[in-house]
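Please read them with the model open beside you.

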Amino acid sequence: MLAPVGRQLRHAGHRLGPAIRRSSPLLGQVQQSLSGGHCSAGLALRHALQPQGVAQRHCRFCSTNAQEQPQSPSLEELRAKVEEAQGQLQQLSDKLAGSKADLQQATKRHQGDLENENKYGYTKFALSLLHVPDNLERAIDSVKTDELDESEELRGEIEGVKKIRHVVEEALAKFGVVKMKALDDTFNPQQHEAMFAMPMPGKEPNTIFHVMEPGYLIYDRTLRAAKVGIAK
């Protein structure tokens with residue numbers, strides 16, 4: 001008797017299950033929330049599980065936030081931002097101008113250093129070569145005039161020495177090394193070294209009247225000062 005009754009109850013439960021689920025308020029709330037489009041599926045289920053008034057307030061809040069838009073900045077705020085941008089632009093412009101000036105100065109210094117290196121890099125070497133024209137000059141000056149008149153062979157040798165001296169002077173001149181013309185010039189402590197001073201009739205004071213050793217210039221600098229005698 002009980003077994004047939006149980007089967008009939010289970011059969012009736014299966015038939016009534018869909019109708020019960022369709023009429024359930026909880027499932028109705030879930031379906032309404034999902035069809036409204038205001039909340040996500042997870043929020044819809046959460047709203048359906050909450051009391052009806054609370055769920056409606058949450059949905060209205062979600063809908064209100066979705067409709068809110070950011071406020072546009074005021075005119076004063078825009079002007080302030082423009083002024084700030086202009087100030088930053090001016091600072092960058094000043095920095096750029098300063099960097100250009102520093103670069104130009106550095107370029108000039110570098111070019112000056114290169115020029116000085118090209119001009120004066122061999123100063124010590126040129127100074128060590130000056131004994132060559134000095135010895136040639138001494139050899140020429142050591143021969144007396146009457147000896148030259150008496151010996152044709154000696155005159156030929158002296159002429160050969162003068163030619164060699166001329167070649168050496170030309171070679172030095174190619175590198176900016178030239179002999180000073182100190183005789184009858186005014187004494188200059190930057191170029192001359194006074195070995196003695198004495199009164200000389202017809203000569204102004206500080207006038208060079210004797211050159212003991214010629215001086216040399218390397219471009220516009222003194223390579224070796226001339227040793228001179230001056231009038232006082």
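1. What covers the buried residues of α9? In this predicted model, the cover includes α7 (131–141), α8 (145–150) and β1 (177–179).

2. The residues of α9 that are buried are Ile158, Val161, Arg165, Val168 and Leu172. Seen down the axis of α9, these buried residues fall within an arc of 80°, so they line one face of the helix. As background, an α-helix has 3.6 residues a turn, so residues three or four places apart point the same way. On the face turned away from the buried side, α9 carries the exposed residues Glu152, Glu153, Lys163 and Val167.

3. The length of α9 can be checked against its residue count: at 1.5 Å a residue, the 22 residues of the helix (residues 152–173) should span 32 Å, and the end C-alpha atoms are 32 Å apart, which agrees. At the start of α9, a side-chain oxygen of Ser151 comes to within 3.1 Å of the backbone nitrogen of Leu154.

4. Turning to the strands, there is an open sheet of three, in the order β2-β6-β3 and with mixed pairing. Its edge strands are β2 (192–198) and β3 (208–213), each of which pairs on one side only, and the twist averages 30° from one strand to the next. Between β2 and strand β6 (residues 226–231) the pairing is parallel and runs over six bridges.

5. His192 stands opposite Ala226 in β6. Leaving aside neighbours within four places in sequence, the residues in contact with His192 are Met180, Ala182, Asp185, Thr186, Phe187, Ile208, Ala225, Ala226 and Val228.

6. Most residues other than glycine have a negative phi. Asp184, in the loop between β1 and β2, has a phi near 65°, a positive value in a residue other than glycine. Asn206, which lies in the loop between β2 and β3, likewise has a positive phi, of about 70°, although it is not a glycine. With a relative accessibility of 48%, Asp184 counts as partly exposed, and Asn206, at 40%, also counts as partly exposed.

Key. Residues numbered from 1 in each chain as written. Heavy atoms only, no water. Helix = DSSP H or I, 4+ residues; strand = E, 2+ residues; numbered from the N terminus. Expected span 1.5 Å × (residues − 1). Buried < 20%, exposed > 50% of the residue type's maximum accessible area, 1.4 Å probe, protein only. Arc of directions from axis to C-beta. Contact = heavy atoms within 4.5 Å. Polar contact = N/O pair within 3.5 Å; in protein donor to acceptor, adjacent residues only side chain to side chain. Pairing = 2+ DSSP bridges. Axes fitted to C-alpha atoms, helices over the stretch in contact; angles between N-to-C directions.
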